[in-house]
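Subject: Structure handover

Hello,

Here is the structure we discussed. Please open it first, then read my notes on chain D below.

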Amino acid sequence: MSRVAWVLLAVVVCIGLVAPFGDWERAMTVIPTEAGLGPSPGHPLGTDHLGRDVLARLQLATSAFAGPGLLACAVALVLAVPTAAVSAYRGGVLGSATRFAFTSLAAIPRFVLVLLVLSIYGDSPTTLALAVGASYVPLLGEAVYERIERLRGEEYVLASQAHGLAGGRILWVHLVWFACGRLIGRHLLALFGFYLVLETTLSYIGGFGVQEPHPSWGNMLVFEWGRRSLVDPGLLAPGIALWATLALTDWASESLGEVEHG
Amino acid sequence: MLRTLLGRAVLTVSSLVAAATAVQLLLWAAPGDPIDLLPNGAELRPQLEAEWGLDQPVWMRVVTNLGRAATGELGTSLSYRPGTPVTEVLAQPALNSFALLIASLVLALAWSAGLAAFTRGRRQHTSRLVRTLSVAPVFLLAHLCIHGLNEVTWSLMEAGTIARPAWFALPGEASAMRTALAVVLLAVGSGALADMHREAEQALISIRRSGFVDAARARGEPTFLLVARHLTLPLASLAAARTGFLLGGLVVVEKVLLINGAGAILWQAALLRDVPVALGITLMAATTVCAARLAADALRVGIDPRLRSQA
Amino acid sequence: MRLLAVLLLVGCGSAPEATGPTLPESWLEAVIREPARFEQLLVQTPREGWVALHAHDATTAYDAFDGPNPAVRRARARAAWELGRVHEVLGSLHVEVERAYHTESAKRPGGADAEAPAHLAAANACEDLAGADALGERLSAHRAARESADPTALLEQASRPVQRSSEPAAHTWFDPCLHTSLAHVWDQRALVDLDATRWSEASAWADGELESTLFAAWLDRTDLRRTLDAERSPGSFAAMSPATRALGLPDRVPGDPDAARAEVRALDEALDTWRERLAIEAPAEGATLQGELGLFARFRQEWLLARATWALEEGEALEALALLEAARDVTARDVGPANSPRLFALLAAARFGAGREREALDALHPLSEPFPEILGLRERLGDLTVLRGLTRTGDSKEN
Amino acid sequence: MRRHLMPWMLGGALLLAGATTAEPLRYAEDRAPPIVNPLFTTTMSEARLAELVFEGLFTDDAKLSSTPRLATGLDLAEDRMSAVVRLKPGVTWQDGESFTAEDVAFTVAAMKEESTASTERGRVQFIQEVEVIDDLTVKLTFEREEYAPEDKLHFKVLPAHRFEGTAVKRSDAFRTQPIGTGPYRVKRFNDDNSITLAKFDQYHDSTRIDEITMREVADKNYQSKLLLYESLEALVRVLPRDLATLQADRKVELYPYQTNSWWYVGFQNNRAPFDDERVREALTLLVDIDALLAPIGTGEVVSGPFVTSSPYYNHEVKRPKPDARKAAELLTAAGFAKSGDYWSRDGKPLTLKLTAQENLETAQDVVIALQSQLQSQGIKVEPTFLGTAEWKAKVWRERDFDAVLSQWSFDRSEDVTEQFHSEGKFNFGHYANAEVDALLDQAKDTSDPQAKKALLREVHAKVADDHPMIFLWTLDSYSAISRRVRKVVIHPFYFFTWSREWELK
């Protein structure tokens, strides 16, 4: 089940990454004569009230979260994992200082922090990606720190130190890659899901995030609401696509699941 | 016992101060002059320069602001409610948001504990169903609920089966129905219920497998009360951890359901770049999270005899 | 006159049944229950005439209904009657505008407008053209048109002002009696087809079958005959007809717009129940005819126009305005099957009566395409609007 | 125990305001008026709200001629250069103070005050001096002979005692606690941008509806749904798209409310490249206006600054037809060349930064359609949507834009001087044409209606020829009011002038 989820998720992300370079004339051109059409072979999901093809816009909307979402994951990975790993492995003052930093930053709810950053630094996809990535650092850092600190005292770590293996190799290969690999993977998937939720929320409520005429699943939902009957697929398509993609991230993370021991 | 509690309190307060400093630095580190950010910046420049003390070095500004915040003086709103002090702007809305938060926290805990007891690590399908339902973002659930509810109620009213409910379609004042909807959505949406259910389930499993429960079962005593008492501890720390997430969801729920809360005001303030109000709300959110952590620690020390003996 | 009207009312107070009115004689039931009669009518009389009349294009309808056969002549009288009504309303409006213009300009700087002869603003100056010598050579055109019932000469001169003096500014003055004469011409043409000289003698009109009643405000022939005998003004035919009383409408409260709106709602309810009953009982083809031609909507509008004319004749502008705004199909912008030209003419007259000259201009705008001769009235009404606005400071806002 | 606790907590703690006793009249606007201060009224929603809270010396009666309101009468001097106005005794402001001649003098001074920069200054230009004779009498001296000064004394009177001086600032505290003499006082500014107005008990006249609530509902089709749900009693502007459903509905009555308004895309005429008339004309020729109008409804395309039914509309000036070839010629003449798929000049593509009002749904549709059209013609369009406060700052005061999409509404005199005179206060695009200035001045002074019509038709022709704006259309505009509201008569511009007579069953 989760393998299928991974494949589908990869497809969505690929469309999102490739989309900005494609020619999305059908998604952006306003053709009043074709306004508000129902599903038809030419327009599988019909057209919105300005005559733009809904399916094309649905695909183009993936570029609103695919690229920036991965950027946010990269930022979180780069900022959180090394600091947490090194400070957990060293321990001592550095360890408790990093731990204190993580707990204090975690005191500010992520959504509030992102909104604050947007209001100060302006509202562009890169700023949003950086803000979301940075706001996730405490959560990821805390998880990695806790696990490595617990494993530091394990026999096999002490044994490899005794064998004279280089400290760095032990830390990065054994501890971070083998022990925390799945944990970090799960967190990054959750972060990608969080970025998707945040981006669609911002563009749904308006004022921030992707604005019309550029499509996002959030603003597409608002744009057509009230103009068509509830049963029309073109109306709920953005909502269903959003829900399905989030479900995919959740099922995919099942394959990275671990049995919590003890 | 008192000493560990005091230690924890100092740690939490200092992390709150650190968080507040980080947020202030965020503002002063912004490129250019923060006053240019404001739409009516030019008009307010003299008043702001004095109030924010732009001439002083950054750390001095941070210290003075923290001093003022400690005494509860958060400056005046610039563009959201120009001229009114932030504390006055946030008084009533903060109360509404707080009540909403507590209600949804309690509801989420109740449901996740109930579900955990029901699934107990076995019923995989139910947990996957809960996860799939809960993964939907709060705004999408709110959107579907409002419009679905309106359409269904309207068709029922037109068919004459029900009278016109008071809360129906944009009532005059906030209605119990809309608040109830907000609480439910906050407790369920954006993965809240799924995460809490998983953690509650793991806590329940570990307690049931632990030694003293087996011993009690051997003695034939009812284990339910024992398990319940020991479950409160992980649930408390779970609640403290989830407060941060729920506060984030609160902003969305209040904005979409038009509830007069601090979250909705944060959105407006961010849009209007009303920095003092936005900082004020961020500070309040951070304080709530730290207070929740402190409460969870106090509860842990209070209940768990082992911790008490170590002190 | 008033006594006769009351008599009419008392005479037919039949209580309407619960399932809505049953008027088997009415043209609505005739067309919907027996579509064959409608088809037969289209065979007997020229089809294009009825298509044009349905589309409120009375001039084309008048030319299409050509032939000696009495049924065709009765149909042609219908077209002439429609045009007569439009011009009758526009004619009286133009005279009122002229009079208001003179009284207002007298109060303004520079005194009354010297160009336009004041006596032409008298109430009935254009009716009998007695004192209309100021019209100069136009007067002979008027007299010739009224005798020969041929409007072409008048229509050609319609867009040229009677007088244009160069200094100080190009002062133009249009012939205020144009529409009144056109109304006379078309009424005369209609009466000629009905072998009568006055409307009260035109009871032959009621002898006709469907051609006298189709798309009209009166529901059946007896309705038409009673209205003709009641010597009411031609514009308000059927306003008080017994058949429509059978629809169970509340009595008229003179001058009360809310009562008028309640009357319209009662009419809507009665027509809805009637249409739903007919939709069940009538053959499918009849129902499709009603759907395509919008027969009930047509009757509703025609009756409301007659009812509004009656209110206007009694000087109740706000009451007429309420009826006309309810009569208008707001989704159709121009003159066509959905909106009669009479509606826009009456709307302009009612708004002018309520002191709203600028909004009266809005109402006349859709008529400028089908009735280009309305240019004179629109210019004069524009003059009056500007005159009344001279002493005001303009106010403009966004959105 | 926990389950039982929940409903009580929800019901008790969170139910905020108590149930209101009287049934309010609830009407919806697209945008809530940010400022309730007649000195700075710029939008129709503000003018409508001011009509409920404030009053002028005179007002319009049902036949739209002037009738006394705060005044009881006016004696015009022999030489028509001055007039003595007697005020109505026993009138109190909504804060209990009594209304005196001092307030009239203050209002005129505040409007004329340079630093206040009031948008209403044009309406008191004709008064040279105001002299307070006693508490209830004031003498006005005019700049020129006046024939019916009461027609010009409809501006709203403000309470002198609520202001420090005649130089009033926009952010003056009055904006959040407005005090008038009108039938309703502002009871509460709610946080969902709705405003509750309660009946003013000591009002010097009668009014029948106890409470009026103004709600901001930006989403147009939700507005008409709310009316059908009976959550609203009145909609000020109905979209043409909803006319069919509302007309068929038995609970709602439609009233025409045209306000002589027309939509436009206004260029900033003193900012390159839009200072070059050829560029402006080229852009006008690249736009298919009918295709822009189709998605938002039915209306009529205009070729100049008047609606087609106006006495000043010049029917000889034909509306521009899309002509890509001529546009290309004009652009090349202006030094642009089409490289790749965009027109550009010395390396920079021709970009139109189009500013429009935020969450005004119809405006958003027009901006998207316009961007799509121009994009396919090789012009880059960057839309920005501004909130009300930002719009006022950016467009009205700083005039910092390439092009704006907006709509002007006019009362019966359709006076376009403020928009097209080089010194006009609302001339955001810095349009300046000496001939047009002369024509407008002559039209203001003339007393011959036919001369005024000819002059303003000439203005229409000249402005259309200069292309300071793309004139779009005038929409069919109706307001929909529930049938529970009785005795409804709407003022063609200010809407609420006779709301005193309305009744709510």
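Seven strands of chain D make an open sheet of mixed pairing, ordered β8-β9-β10-β1-β11-β23-β12. Strands here are DSSP runs of E of at least two residues, helices runs of H or I of at least four, both numbered from the N terminus. Strands pair if DSSP finds at least two bridges between them. β8 (184-189) and β12 (252-256) of chain D each have a single partner strand, so one side of each lacks a neighbour in the sheet. From one strand to the next, the twist averages 25°.

This is a predicted model: local features need pLDDT of at least 70, side-chain atom pairs count only at pLDDT 80 or more, and totals for chains, interfaces and linings use all residues. Residues are numbered from 1 along each chain as its sequence is written, chains are lettered from A and ligands numbered from 1 in the order in which they are written.

Within the sheet, β11(D) (234-238) and β23(D) (478-482) run antiparallel, joined by three bridges. There, D:A234 sits opposite D:I481.

β4(D) (71-76) pairs with β5(D) (82-87) over five bridges, and D:G73 faces D:R86. The two strands form a hairpin with five residues between them; D:R80 in the turn has a positive phi of about 60°. β5(D) also pairs with β7(D) (137-142), again antiparallel over five bridges. In β7(D), D:T137 is the bridge partner of D:R86.

Last, the contact between chains D and A (C-beta atoms, placed from the backbone, within 7 Å) takes 16 residues from chain D and 13 from chain A. α9(D) gives the most to the chain D side, with seven residues.

Best wishes

Methods: Contact = placed C-beta atoms within 7 Å. Axes fitted to C-alpha atoms, helices over the stretch in contact; angles between N-to-C directions.
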